[in-house]
Amino acid sequence: MELFYYMVFGALAAVVAALELSKSNKDRINTSSAFNSFKNNYLLVYSLMMGRSFEVIVYVGLDPSFLCSSAESDPIFAGDWLQGPYVYYLYSTYGFGKGEIGQLFIAGFGSSMLFGTIVGSLADKQGRKRACVTYCITYILSCITKHSPQYKVLMIGRVLGGIATSLLFSAFESWLVAEHFKRGFDQQWLSLTFSKAIFLGNGLVAILSGLFGNLLVDSLNLGPVSPFDAAAIFLAIGMAVILSSWTENYGDPSENKDLLTQFKGAAVAIASDEKIALLGAIQSLFEGSMYTFVFLWTPALSPNDEEIPHGFIFATFMLASMLGSSIAARLLARNSLRVESYMQIVFVISSASLLLPILTNFLVVTPTVKGGGISFAGCFQLLGFCTFEACVGIFWPSIMKMRSQYIPEEARSTIMNFFRIPLNIFVCIVLYNVNAFPITVMFGMCSIFLFMASVLQRRLAAIAEKPKTQEWTMLKEKDADDEELDAA
């Protein structure tokens with residue numbers, strides 16, 4: 001492996017270690033022992049839930065042709081952030097072509113889009129703990145379907161995986177926020193849980209899981225389905241922890257509200273409160289760019305079939321994300337610094353980082369010889385991609401903090417899944433048309449989206465101090481009046 005990869009990984013590791021070890025009192029939040037116990041319990045569950053994605057993040061041992069043979073060829077849909085390369089590798093061993101595999105991946109995002117809001121509303125009404133348990137069961141069933149070479153069974157697995165994804169990105173956070181305030185903990189302490197969850201679950205656990213998945217498939221020769229079996233075991237352990245130690249909490253406790261009424265209430269909340277609408281738009285723009293980046297980084301770094309260590313590069317990206325979450329923990333610990341303000345800068349930096357493939361395409365001569373090691377342009381882009389991943393690490397705990405502030409508790413899961421509808425539509429469109437545009441156009445689109453997110457974030461910062469709109473208050477009062485009339 002080229003020295004360059006070790007230098008980048010080592011430099012990031014050194015910076016992360018230095019940041020963690022050099023924290024002063026102003027970088028730390030003083031908490032209680034009761035909160036620490038609560039936080040550690042949640043972090044354990046969150047890490048187990050994210051640990052199931054080690055089938056996702058292992059690139060080591062894959063034939064690079066499975067990832068992308070060239071920038072002009074049909075790329076693998078290995079960018080599915082939640083299920084990744086071993087899914088594609090497994091499907092290919094069953095004899096399916098790239099078109100059929102593409103349909104399976106689109107089905108996963110489409111399922112999340114179609115069913116996400118429904119399961120989010122059910123989580124608010126039926127209980128967030130119950131929804132988290134449902135996530136575990138649903139994804140375990142999805143893992144079991146990977147044992148079948150039948151296309152219809154695999155399609156069912158992808159649909160189940162899409163439903164589970166919606167629960168993962170709404171029910172757990174909704175349960176945490178509600179339980180945090182129900183137990184009377186300080187609001188600022190919530191930031192500590194968010195930043196630690198991203199540092200561990202999306203960083204350290206991702207790296208360790210990748211190594212473990214590689215051990216199962218390559219070293220122990222257990223086959224490409226083995227990571228899914230191990231994922232099911234981790235999910236079962238996490239479900240046992242949830243059942244034994246979590247209490248139930250709810251969003252809207254009304255007994256007589258059907259799903260349509262909940263959808264309408266969530267939609268009116270988004271439409272009537274500009275802060276919620278801006279937050280949803282910002283989240284969709286950033287996450288849409290992030291998912292597109294996951295599809296494109298492999299062909300960007302190896303446009304001429306350069307030999308690049310996919311697993312090591314992915315681990316480097318996760319380390320960069322850990323760096324971002326460590327920075328976010330320091331920023332969120334300062335009462336004087338508003339998350340709405342610094343995120344404007346983060347979005348601008350992330351926008352600039354994804355412009356690098358375009359700049360290098362015009363300024364650096366691209367080698368025409370096939371194969372070989374990473375090019376100078378590739379090295380330059382890798383540094384930019386690590387910068388983007390650091391911004392991703394800052395984004396997650398920061399957006400979680402803003403969601404906890406602006407989204408009304410009674411419809412939290414429903415609204416969060418409403419946010420994911422445009423994201424899933426966008427990802428499906430990208431998957432379907434990923435070969436229709438040059439890679440530079442795709443990166444340019446992402447850069448524009450991220451700059452738009454910065455502009456919207458600036459607007460959010462300007463109105464963040466304003467109280468919630470009168471329309472949302474009036475809506476709640478109207479609902480209360482309706483309930484009294486129905487009761488009468």
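Serine 398 has a relative accessibility of 0%, and because buried means under 20%, serine 398 counts as buried. In this model, which is predicted, serine 398 is part of helix 16, the helix that runs over residues 376-406. Which residues does serine 398 touch, once residues up to four places away in sequence are left aside? They are Val339, Tyr342 and Met343. With tyrosine 342, there is also a polar contact between the two side chains, at 2.7 Å.

Helix 16 can next be considered together with helix 12. In general, two packed helices are described by the angle between their axes and the distance between the axes. Helix 12 covers residues 274-301, and its axis comes within 11 Å of the axis of helix 16, with a crossing angle of roughly 155°. Because angles over 145 degrees count as roughly antiparallel, helix 12 is described as roughly antiparallel to helix 16. The crossing in which helix 12 passes helix 16 is left-handed.

The cysteines may be taken up next. A disulfide is a covalent bond between the sulfur atoms of two cysteines. How many disulfides does the model contain? The count comes to 0 disulfides. Cysteine 136, for instance, takes part in no disulfide, since the nearest cysteine sulfur, which belongs to cysteine 132, is 7.4 Å away, whereas a disulfide needs two cysteine sulfur atoms within 2.5 Å.

| Residue | Relative accessibility | Class |
|---|---|---|
| Serine 398 | 0% | buried |
| Cysteine 136 | 0% | buried |
| Cysteine 379 | 15% | buried |
| Isoleucine 237 | 43% | partly exposed |

Isoleucine 237 is located in helix 10, which spans residues 226-245. Its relative accessibility of 43% falls between the limits of 20% and 50%, and therefore isoleucine 237 counts as partly exposed. Although isoleucine 237 and cysteine 136 are 101 residues apart along the chain, their C-alpha atoms are separated by 9.5 Å.

Finally, the protein can be viewed as a whole. It has 19 helices and 0 strands, and of its 488 residues, 60% count as buried. Among the contacts in the protein with a separation of 6 or more, 88% are accounted for by residues 24 or more positions apart.

Terms used. Residues are numbered from 1 along each chain as its sequence is written. This is a predicted model: local features need pLDDT of at least 70, side-chain atom pairs count only at pLDDT 80 or more; totals for chains, interfaces and linings use all residues. Side-chain values use heavy atoms; hydrogens and water are left out. Helices (H or I, at least four residues) and strands (E, at least two) are DSSP runs, numbered from the N terminus. Buried means under 20% relative accessible area, exposed over 50%, partly exposed in between (1.4 Å probe, protein chains only). A polar contact is a pair of N or O atoms within 3.5 Å; within protein, one must be able to donate a hydrogen and the other to accept it, and residues adjacent in sequence count only if both atoms are side-chain atoms. Contact means heavy atoms within 4.5 Å. Axes are lines fitted to C-alpha atoms, for helices over the stretch in contact, and angles run from 0 to 180 degrees between N-to-C directions. Angles under 35 degrees count as roughly parallel, over 145 as roughly antiparallel, 65 to 115 as roughly perpendicular and the rest as oblique. A crossing is left-handed if the near helix is turned anticlockwise from the far one by less than a right angle, and right-handed if clockwise.
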